[in-house]
Amino acid sequence: MPTTPARIVSLRAAGTCFAVELTEPVPRVLHWGADLGELATEDLTALSLTAEPALLNNAPDLPRRFTVWPTEADGWSGTPAHHGHLSGTAGAPRPTLTGATHRTDPDGGGELQLRLAEAASGVDITLTYTLDAHGILTADAVLCRTEGADPVPYDLSGALTLLPLPRRATEILDFTGKWSRERSPQRRPLHQGAHVRDVRRGKSGVDSPYLLTVGVPGFGYRTGEVWAVHVAWSGDQRYLVEQLPEGAGVHASALGGGELLRAGEIRLAPGDSYRTPRCHFVWSADGLDGIADRFHRHLRARPQHPRGPRPLVLNSWEGVYFDHDLGRLKALAERAAAVGVERFVLDDGWFSGRRADTAGLGDWLADPTVWPEGLGPLADHVRALGMDFGLWVEPEMVNLDSHLARAHPDWILGPAAGLGPSARHQHVLDLSRPEVFDYLLKSLDALVGSYGIAYLKWDHNRELHEAVHARGDRPAAHAQVEALYRLLDAVKQQHPGLEIESCASGGGRVDLGILARTDRVWPSDCNDPVERQAIQNWTGQLLPPELVGSHVGAALSHTTNRVTSDTFRLVTALFGHAGIEQDLNECSEQELAALTAWGALYRELRPLLHTGRTVRADLEDESRLLYGVVAQDGSRALYSWARVATSPEGQSGRTPFPGLDPDARYRLRVRTDLGLPSFHQVAPPRWLTAALDDWLTLPGAVLATAGLPMPTLNPDQALLVEVRRQA
């Protein structure tokens, strides 16, 4: 039960600590990072004493402090926690603490809730910090206009949650990307000023900052102290880290994020409220793998997290595209079942008028010319073969060449002056209109109920430009995301057990806001395994493998025109929620046999892959990759040794296997189920020859500390190594 806290309160769990002093007028952050232990009263006093910085020249006459809700009233000259105005007035917020509650959980962590009041604007702020048992600190705020306040609406221009960083956090890692190359990492030093990443796409975007990380210089997968934030919101976003010459109180800089608000988007009349997106803050002393492990544990602890075996998928897109024919699709389903597929998904092209991407969006009925009996014959055939039936939809979008657009042009999001240019021949429906919401919910309910659909691939193939309501051109991006969340929740409520994938031109909407309502993401439309090695690696910085779709495509990549070997494609697709994206009717018997063996291997290994710890080796050469999954109890592991390009060195040298216990003994073997890679050598290292024939026993000190001399692979090749701990 929450209680009134002491003057200094802390939340502690999993080796991390967040400490706040309930100073007035606004509490200040004393510490966020490594656990300080159970501090005695005198130690808490010392923590407070050391929270006073030097009084600088040419500065305010009181020491600056970094509060939980920093504004200029604190002497903070950086980005404020919130700003806005009442018709041009009340532009200097001075929040004051009015109450606080604190709860400690038995398994570690807890909650701190702070209530602030801002008299000039009549805005009450409720700021909540929740630390879970895995060390994830989640912060959000509710800003509410008090009843009886000035009737003039308060225009909220921005609201962010911010936490301080120490001086040693001086290197930034975040992400950019494009279609078919999402989550490309970029590093830079933290300089003076603000590093700001704004997202103005109406969704998190293929170039999403994704996870803004700041750490000690040279931090890697396994080493270095790091701090990070993720904005759990599926619309416009702002990420920032800001360093001023005077610091941030006794700290050096500030890290945070929130929703990027458009002018006039949030106007709070008395009684109205605005809730910021949840920002997930995480600290680790163990590099990026430590951050990833905390997020993976956090997500797996959710009550809605997928618990059962993740079914092997076949998605029809790269197999048939828009060429839908019942006989061809039935034959495809039969071959899918024969190779071990457990879920068959019919992609784009099934609904009214949809012979290309120029028409039909919005008309969610099976095309009568292609499907005269509806989708029932295919769905029934799929289930008779022992597979789930899934379907592609894009509910938020509409083609102008559709019955819906012709009947209801006013349902389309856009300015009163007229619609702007289409993207992929489509526009966006205004989900915040009740009639649009009701139409989509009714359409989706009918589809799922009529055909017994187990899985929806929910796509979103354009950005929201000029996202305004036509009458008055009021900004609508925030309302659009809130309506999307309500729609997803309503569909799930009507159909318990239905799984939904978040797809947005591939990986354009990958965030923990959408994943609170969906069951996996499609990280990229690119199935080229060379690109996928990086895309899946960095998607895994936030998400565990079971939430990330990883499909094997044909040898000739649909998106890059690159040809790769079967073994490399199959190994790459193994480390996620696996599936197939090709026309099995065109496969040879040899190719079908390889897919069958791969499907069997996936079913064997998914209990490990979808519950274990993701580990990645820090290698000096980016052309080589060593990564894997280690069981939570350390009893077994699976590793991939991969090469995506040549390198100047002929030998890789001794390479330690991450995540193993140096004091244990292990058996290892090379898994040849998918064939061996192509080697760039005359003969392999001796250990590899032994591990091909039988289990090889090695001490953990050799595997985890000294390392093994790894074979030299040709580019676009991968080797699977299985490890088991001896009893």
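User: Which word, buried or exposed, describes Phe 175 and Tyr 210?
Analyst: This is a predicted model, in which local features need pLDDT of at least 70 and side-chain atom pairs count only at pLDDT 80 or more, while totals for chains, interfaces and linings use all residues. Residues are numbered from 1 along each chain as its sequence is written, and side-chain values use heavy atoms, with hydrogens and water left out. With buried meaning under 20% relative accessible area, exposed over 50% and partly exposed in between (1.4 Å probe, protein chains only), Phe 175 and Tyr 210 are both buried.

User: How many aromatic pairs does the structure hold, and what is the geometry of the one formed by Phe 175 and Tyr 210?
Analyst: Rings of Phe, Tyr and Trp (its six-membered ring) pair if their centres lie within 6.5 Å, with planes under 30 degrees apart counted as stacked, over 60 as edge-to-face and the rest as tilted. The structure holds 16 aromatic pairs.

User: What is the distance from centre to centre in the pair of Tyr 639 and Phe 657?
Analyst: Tyr 639 is in strand β34 (residues 636-643) and Phe 657 is in the loop between β35 (654-655) and β36 (665-671), so this pair ties together parts 18 residues apart in sequence. Both residues are buried. The pair is edge-to-face with 75° between the planes, and its centre-to-centre distance is 4.9 Å.

User: Which backbone oxygen does the side chain of Thr 712 reach?
Analyst: Thr 712 sits in the loop between β38 (708-709) and β39 (717-725), and at 8% relative accessibility the residue counts as buried. Beyond its neighbours within four places in sequence, Thr 712 has contacts (heavy atoms within 4.5 Å) with residues including Phe 679, His 680 and Gln 681. At 2.7 Å, within the 3.5 Å limit for a polar contact between N or O atoms, one able to donate a hydrogen and the other to accept it, its side chain reaches the backbone oxygen of Gly 650.

User: What is the phi of Asp 716, which lies in the loop between β38 and β39?
Analyst: Most residues other than glycine have a negative phi. Asp 716 is buried, with a relative accessible area of 16%. Although Asp 716 is not a glycine, its phi is positive, at about 60°.

User: Where is Tyr 321 found, and what is its relative accessible area?
Analyst: Tyr 321, not a glycine, also has a positive phi, of about 50°. Tyr 321 is found in the loop between α3 (317-320) and α4 (326-339). The residue is partly exposed, its relative accessible area being 30%.

User: Which residue does a cis peptide bond join to Glu 24?
Analyst: Most peptide bonds are trans. Here omega is about 10°, and the residue joined to Glu 24 by the cis bond, found in the loop between β2 (16-21) and β3 (28-34), is Pro 25.

Technical notes: Helices (H or I, at least four residues) and strands (E, at least two) are DSSP runs, numbered from the N terminus.
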